[in-house]
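I opened my notebook to look up how this chain is put together. My notes follow in the order I made them.

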Amino acid sequence: MEEQAKETIEKRSWNLDWDEYFMALAFLSAQRSKDPKTQVGACIVNKDNRIVGMGYNDMPNYSKDEDFPWEEAQTAEGNKHLYVCHAELNAVVNKIQADVGECRMFVTLFPCNECAKIIIQSGIKEVIYYNKPDIPEDDKKKQQKEEIRKATEKMFGYKDIVNLRPYKPKRGTDFKIERKDPECRAEISL
Ligand SMILES: [Zn+2]
């Protein structure tokens, strides 16, 4: 009897590595944000690669959409920066593990100095960021952003308390998320 040729099933050679996986989740989380200008997502992962916290930039809990502004006016009534809770803050307070020491955080945007403080105080040991913030045209705002970035780097760098590293796309991995209305399907292009 003629022996049948065995079909060989090979394992997939193209699967996401951990960095790609967690950064993609941070990008997906950012899509929950209602901020019209900047959507940020963060994902905290422990040393066993278990997700222990997720967050995105949003207004304080229990508020309704009309309660706080999304504009950037220079008044208490119209300045979102006075109210918005950043993705990193939300990821830390939403954590499901009491101790996040030895954890790492994936975040879609370079953390501001206020979030840097929260990250340090929580015990997180590594931050992997995707984007540096846009540099504004306006000279005063540009200087402010640069000072904030320097403060974050100074705090993280002090005694190397937090290892800060940019996400390095391998194989051209990108995280542009396109929402296809009206079907409302989000696609991550990799
Ligand atoms: Zn922040």
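Which pattern does the protein chain follow, read along the sequence? I read α-β-β-α-β-α-β-α-β-β-β. That is four helices and seven strands. Both kinds of element are DSSP runs, numbered from the N terminus: helices are H or I with at least four residues, strands are E with at least two.

I noted the ground rules next. This is a predicted model, where local features need pLDDT of at least 70, side-chain atom pairs count only at pLDDT 80 or more, and totals for chains, interfaces and linings use all residues. Residues are numbered from 1 along each chain as its sequence is written.

**Entry: the sheet.** I looked up the strand order. Five strands form an open sheet, S2-S1-S3-S4-S5, with mixed pairing. Strands pair if DSSP finds at least two bridges between them. Strand S2 (51–56) and strand S5 (163–166) are the edge strands, and each pairs on one side only. Neighbouring strands are turned by 15 degrees against each other on average, direction ignored. I then picked one pair. S1 (residues 41–45) and S3 (residues 104–109) are antiparallel over four bridges. Ala 42 stands opposite Val 107 in S3.

**Entry: helix H1.** What does H1 (residues 18–30) touch on the sheet? I found S1, S2, S3 and strand S4 (126–131). Contact here means C-beta atoms, placed from the backbone, within 7 Å. The direction of H1 makes about 140 degrees with that of S1. Such axes are lines fitted to C-alpha atoms, for helices over the stretch in contact, and angles run from 0 to 180 degrees between N-to-C directions.

Which residues of H1 are buried? I listed Phe 22, Met 23, Ala 26, Phe 27, Ser 29 and Ala 30. A buried residue has 20 or more other C-beta atoms within 10 Å of its own, an exposed one 12 or fewer, and a partly exposed one falls in between. Seen down the axis of H1, the buried residues fall within an arc of 160 degrees, so they line one face. The arc is that of the directions from the helix axis to the C-beta atoms.

**Entry: Phe 68.** I found Phe 68 in the loop between S2 and helix H2 (87–93). Is Phe 68 buried or partly exposed? Phe 68 counts as partly exposed, because it has 17 C-beta neighbours inside 10 Å. Leaving aside neighbours within four places in sequence, Phe 68 is in contact with Met 59, Ser 63 and Tyr 83.

**Entry: the whole chain.** Of the 190 residues, 27% count as buried.

How values were computed:
Contact = placed C-beta atoms within 7 Å.
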